[in-house]
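Me: I'd like to learn how to read a model like this one, feature by feature. Could you walk me through it?

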Amino acid sequence: MSNSRIEVALQTVGSDRFERLMHDLLEREGYTVDPTGTSGPDGGRDAFLVDGDRDGILPCSVQKDNWVGKAHDDIETAVENFDRDFDFYIFATTQDPSTTKRDRVEEELHEEWGIPTTVWDFSKIRNSLVGDRENNDLIREHLRVNPNRPFVDIESEVDDLYEDLLDRVKRRQAPDGTIVEDPALVVVHVIPQEAVDDHHDRYAGDLPHPPQFEKRDAYAVTRPKVKITENNRRFHDGTERERYTAIHRDGWTEGIFTALYPSDNPQLRTSIDRLIANFVHTALGTFDEADIYPPYYVYVSILGAEGYTLSRPSGSNRPPSNVRPFTKDEIRLNRVQIDNPDVDVPDVMRKTFDQLWRHGGWDHSVNYQASETDDGETVYEWNPYR
């Protein structure tokens, strides 16, 4: 089952959805689940469990680090906060420890608190979902994966969708209307895993506002399959676009802009990093609002780039001597995978922006300020030029 879509979705599931998944899964196992427990240390809500005449409690954790510590903390919190005795303790985690480690944690908790303990880890949860066809509906409902197509290369399918979307842009076709012919285009796609699945029932009219490069990307219109912003400055025939953002009912987002200074020497604006980061950040918010789940894949491309340069920021240090125009007509930056909608977008995009600026002869993006901590670690502060 390695690297299946179900595994990817389970590894990146959010805490609220994971709790709901475990509640439903344990009810299928014969437990009565009362989700009105208490908030745990990480803000999650523990559920009370009943198995015949036995009472138990269920904390759930999507914590990536120190799940063992959380398992100990949660049982201590349950014992101290409730005026009742528990006959069993189930700790659910998306982590995938070895069988030996899982068994050792169960034994430690049982010995310390006198409560029989079971750890539902990644492998146990996956096997319960996949191994029992009666649970396939939970895969669809909580993980947004078609259980009939679990063993596909998700990254390859998303890459294929990106190629299709970019081919359309190269033909200067927008999701609605056409794209201006002449200037270089900066193209950003943020594609969730579920965009390549086949069970969506969304309508375009129910979608949130498309992502934004800037606040002025405000007015959007609804078409049969997509919402797209209408902020053209040229208004050629009402449909020829030089800038737009869009969200499709399948979940993928697309944005293009021409970031040029009017000059005989064509340039991409220094603000290119900021605009892209804003688009990705607002795309994550849009996905969260629409219940479109991670992982998300970010693609940045520049079309018609040959001969363009990255403009030197006002007030910046003199650029390096090897600054040069782009030598390729099409520049594609490395794909970025985002597993959590709450990430620091400038942080996860930094290496991608560095790659872009290196195409223009710079050593790195000018929109980050590097400094060194007392222990010698280099940290990067997002400080974009406006």
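Me: Let's begin with confidence, then. What is the mean pLDDT of the chain?

Reply: The mean is 86, and 88% of the residues reach 70 or more. Where pLDDT is low, the predicted coordinates should not be read in detail. Here that applies to residues 39–43, where pLDDT stays under 50. The model has six contacts beyond four places in sequence for that stretch.

Me: Good to know. How many helices and strands does the chain have?

Reply: There are nine helices and 20 strands. The chain has 386 residues, and 52% of them count as buried. Its accessible surface comes to about 18300 Å², with 40% of that belonging to carbon and sulfur atoms.

Me: Which residues is Ile272 in contact with, leaving aside its neighbours within four places in sequence?

Reply: Ile272 contacts Val186, Phe257, Ile302, Leu310 and Leu356.

Me: On to the rings. How do I read an aromatic pair?

Reply: A pair of aromatic rings is described by the distance of the centres and the angle of the planes. This structure holds twelve such pairs. One of them, Phe48 with Phe82, is edge-to-face, at 4.9 Å centre to centre and 75 degrees between the planes.

Me: Are Phe48 and Phe82 buried or exposed?

Reply: Both Phe48 and Phe82 are buried. For contrast in geometry, look at Trp67 and Phe91, a stacked pair with 6.3 Å between centres and 20 degrees between planes. Trp67 belongs to helix H3 and Phe91 to strand S5, so this pair ties together parts 24 residues apart in sequence. Trp67 is buried because its relative accessible area is 7%, under the 20% cut-off. Phe91 is buried too, at 0%. Ring pairs also link Phe48, Phe82 and Phe86 into a cluster.

Me: What about charged side chains? Where does Arg243 lie?

Reply: Arg243 lies in strand S12 (residues 243–248). With a relative accessible area of 6%, Arg243 is buried. Its side chain makes a polar contact of 3.1 Å with the side chain of Glu214.

Me: And is Arg54 buried or partly exposed?

Reply: Arg54 has 31% relative accessibility, so it counts as partly exposed. You will find Arg54 in strand S3 (residues 54–58). Beyond four places in sequence, Arg54 is in contact with Leu49, Asp87 and Phe88. The C-alpha atoms of Arg54 and Tyr31 are separated by 9.9 Å, and these residues are 23 apart along the chain.

Me: Last topic: the backbone. Which peptide bond is cis, with omega near 5 degrees?

Reply: That is the bond from Pro294 to Pro295. Pro295 lies in the loop between H8 and S15. Asp291 is found in the loop between H8 and S15 as well. Phi of Asp291 is near 55 degrees, a positive value in a residue other than glycine. Asp291 counts as partly exposed because its relative accessibility is 38%.

Me: Where is Arg172, with its positive phi, to be found?

Reply: Look in the loop between helix H7 (154–170) and strand S7 (178–179). Phi of Arg172 is about 60 degrees, although the residue is not a glycine. Arg172 is buried, with a relative accessible area of 11%.

Definitions and conventions
Residues numbered from 1 in each chain as written. Predicted model: local features only at pLDDT ≥ 70, side-chain atom pairs only at ≥ 80, totals over all residues. Heavy atoms only, no water. Contact = heavy atoms within 4.5 Å. pLDDT = per-residue confidence, 0-100. Helix = DSSP H or I, 4+ residues; strand = E, 2+ residues; numbered from the N terminus. Buried < 20%, exposed > 50% of the residue type's maximum accessible area, 1.4 Å probe, protein only. Polar contact = N/O pair within 3.5 Å; in protein donor to acceptor, adjacent residues only side chain to side chain. Areas by Shrake-Rupley, 256 points an atom, 1.4 Å probe, with all protein chains shown as cover. Phe/Tyr/Trp six-rings, centres within 6.5 Å; stacked < 30°, edge-to-face > 60°.
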